[in-house]
Amino acid sequence: MQSTDKRPLSWLLQQFQLKPGKPAILSGLRSLFILGVPIGIGIITNHAAESAIATMAAWFVGMVNVDGAYRQRATAMIAATIGVTLMFLIASLVSNNLWLAIPTTFLVIFIAGLASLYGNVAASVSLITSIMFVISLAKFASFSNWSTLILHCALCLAGGAWTSFLLLGLWAVRPDVPAMQIVANCYLSLSQFVNLASQRGVNPDERQEWTRQFLQAQDTVIQDLTSARSVWTTIWTRQRGATLRGNQLLVLIEDVNQLVNSVVALSELLAIASEHQLFYRLQEEIQQVIEQLAIALQMLSEAISNDKPLRVYARGKNSVHLGDLDRTVEALEHRWEVLRAQVFNQTINLQIDEYPDVVNIRKITASLTKLAQQVHTDADVVTDLIQGKKSSITQRDISPPAQSEPTAIIDTLRQNFTFESVLFRHALRLALIVTFAELLASVLPLPRGYWITLTALVALKPNFGGTSETTVQRVIGTILGGIIGISLVLLLKNSLAIAVCFLFLVFVAMAVRSLSYSIFIILLTPAIILLLNLIRAGGWEVGVLRIVDSLIGGVLALLGSYLLFPSWERQQLPAQLEKTIRANLAYFQQVIANYLHPEQDASADSMNMLRHQAALENVNANAAAQRLFSEPRHIQGEIEPVMTLITYIRGFFSSVTTLAEHKREFSGEYQFTELKLLTDIIIQILENLADALGQGQSPQALPALDSYLEVIHNQIEQLHTARLSEIARNSQTLTSTLQAVREQTPLSTELDRIVNEIKVMHCVIARLQE
């Protein structure tokens, strides 16, 4: 969940924040090599201007964003190579006739905009081919004779083919590298998620900021997990069957899912415990274990990414070194035993309402121990993965992620060829704005006017929030980058120095591209200015022109997003919130069904699917809220109730996940008499809240939930009283009362929290509907 701080300085700094992760050094080196060869050939042969065509094509094909199997990558690269060549050819044929160029621009951009209907890869290919068309139309394309046109098209094809040959050749050596890297990303984002959990009780005054960061980190893990499952399914389809390495990666992917659930439940337990003094007697040891868990997960990420084991030690078999984690777990367990003895030796002074704190601390300790054991198991899998060994661990009953059936191309197009489709409206809006920008740049005496068209093309997104964010980042990045570019042009007078500086900027830009779009633009802008100077196409004035043109293009993108068939998030948000509540409700119903009918537990696959769907809808709801923040104030309406609702839906999800994790310790021998009645009413309330959002009506009045809770409180108090009497006689014996206390205390606590979350959600939805 992103920050909503709108103070100018804070907001500006947010545009340049780096995302979690490391610079893609390998990507930077690849780009360096991809561009260095055609540029070098152009300088050596004294045909720098002609080599710019091949350089541009090579660069654009290298920027196609695709994850997945080798076949997918090859298809995308080949399509991009053919696409940029075709765009160059079309631009050349129409460039000499303005009234032919304008309708062609509209048609090309409209078709490219519709390509996003077929996924991210198609959208990425269509974007780079659109950029090639705009640049070619303005800069390179001019039909003078067929021989020149054929030569230029051949250069374009050669540049794309060079990039495809280089990258596909590298991928062919290790076709499973994408899966390895994305699994490594999962463990890295999981490490950052766990690290935030360690700060749960450190700064109570900054609880709101911690919650924002924690939920944002959780969303990142869920998104990485979804991507990992998709890539795995693409590489190791059911028809082909998974290899040994594929099976091991699948185990690691699904273990991320289990670890996320355990950490969510742990965070919930920490939230409850931090409200009582007993927790602070173990806080330091708990924090140290969580920090070591985060470090261990980061080590696993590095081992998977580098495909070589880290420091190893003997533990029955080679494993990633986890000695520090083991020592902190042992220290926590020892400290818990000491604290437990001290508390039970003072049983006579222990109050009934204090006993749940003891149970909760014991559960936190047990959860951390299990998490450490799970990390050990994954470390063994990682070691086997890297060493190519087979182990019994990978024989667990884990099913491959389900594959969705592909929809026919024509059917998809037919279903979306209507104004009801957001992507159809976006494609039409994009075509109109880009065509207008092209007409403006052609009619008015604007040097380098195609930069206006390029900025509008790249900045315009399907929603106003995305457009405004991209526009601001691009304009600010262009201004700062333009200043850098102007300075470099004035300082560098030698072609070789300019070429070296250009390649260095490209290297750094591509390395940080995935971490910050703003910084990428800051570095890309001077690189383009230097490239134009390298082919003698401009001086320092080019930097000023680029800044001015980017401002004009950004304004056009914002006006187009605001005026042409806008899709305001405020109108769509209720439908997304309804979908989110229903996904969380389905998850809750299954978890409660497992408690009420333990003999009929749902399969792990079914539970994982429901949990993952609820988590994804939570991510989607948060993304929708962030888009709402970026819309004009008079459109977005009141934001605070929306964020409150999303926060409490996320809290409800955490409570349900905690119940799902606790179910593994639940025998079912003792049941609260009011559990079914209470949960049935909760289900009815959630259904009514979803209906209220979908139908735009006020929800029904809340029934008396507290009366059911009161009965459960009385029952749990009786259990605690009986257990305290047992402790006074013998605190070491495992009795049926102790078993019931351990099972029912967390259940009672989470039911309290769920009821509170339901009440707030009801209140907020009633306020929204007013």
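Helices (H or I, at least four residues) and strands (E, at least two) are DSSP runs, numbered from the N terminus. By that count, the protein chain has 27 helices and two strands. What you're looking at is a predicted model, so local features need pLDDT of at least 70 and side-chain atom pairs count only at pLDDT 80 or more, while totals for chains, interfaces and linings use all residues. Residues are numbered from 1 along each chain as its sequence is written, and side-chain values use heavy atoms, with hydrogens and water left out.

How confident is the predictor? That's what pLDDT tells you, residue by residue, on a scale from 0 to 100. The mean for the protein chain is 79, and 83% of its residues reach 70 or more. Helix H25 (residues 675-695) has the highest confidence, at 90, and strand E1 (residues 312-314) the lowest, at a mean of 37. Over residues 309-319 the pLDDT is below 50, and this stretch has 29 contacts in the model beyond near neighbours in sequence; a contact means heavy atoms within 4.5 Å.

Now for the chain as a whole. Of its 770 residues, 54% count as buried, meaning under 20% relative accessible area, with exposed being over 50% and partly exposed in between (1.4 Å probe, protein chains only). Among contacts with a separation of 6 or more, 83% are between residues 24 or more positions apart. Leaving aside neighbours within four places in sequence, Ala80 is in contact with Val61, Val64, Val125, Ile128 and Thr129.

Next, the charged pairs. Side chains of opposite charge can pair when their charged atoms come close. Here a salt bridge is a side-chain nitrogen of Lys or Arg within 4 Å of a carboxyl oxygen of Asp or Glu, and the whole structure has 11 of them. In one, Arg229 meets Glu254 at 2.9 Å, N to O. Arg229 sits in helix H9 (residues 207-235) and Glu254 in helix H10 (residues 244-273), 25 residues apart, and both are buried.

Another salt bridge joins Asp691 and Arg582, at 2.5 Å, N to O. Asp691 lies in helix H25 and Arg582 in helix H21, so the pair ties together parts that are 109 residues apart in sequence.

What about disulfides, pairs of cysteine sulfur atoms within 2.5 Å? A search of the whole structure finds zero. Take Cys153: the closest cysteine sulfur, in Cys156, is 6.9 Å away, so that is too far for a bond.

Finally, look at the surface. Ile479, Leu480, Ile483 and Leu551 form a nonpolar patch there, with about 310 Å² of accessible area together. Patches are made of residues with over 30% relative accessible area and no salt bridge, joining like charges within 9 Å and nonpolar side chains (Val, Leu, Ile, Met, Phe, Trp, Tyr) within 5 Å; accessible areas come from the Shrake-Rupley method with a 1.4 Å probe, and for residues only the protein chains shown count as cover. Helix H17 (residues 464-491) gives the most to this patch, with three residues.

Methods
A disulfide is a pair of cysteine sulfur atoms within 2.5 Å. pLDDT is the predictor's confidence in each residue, from 0 to 100.
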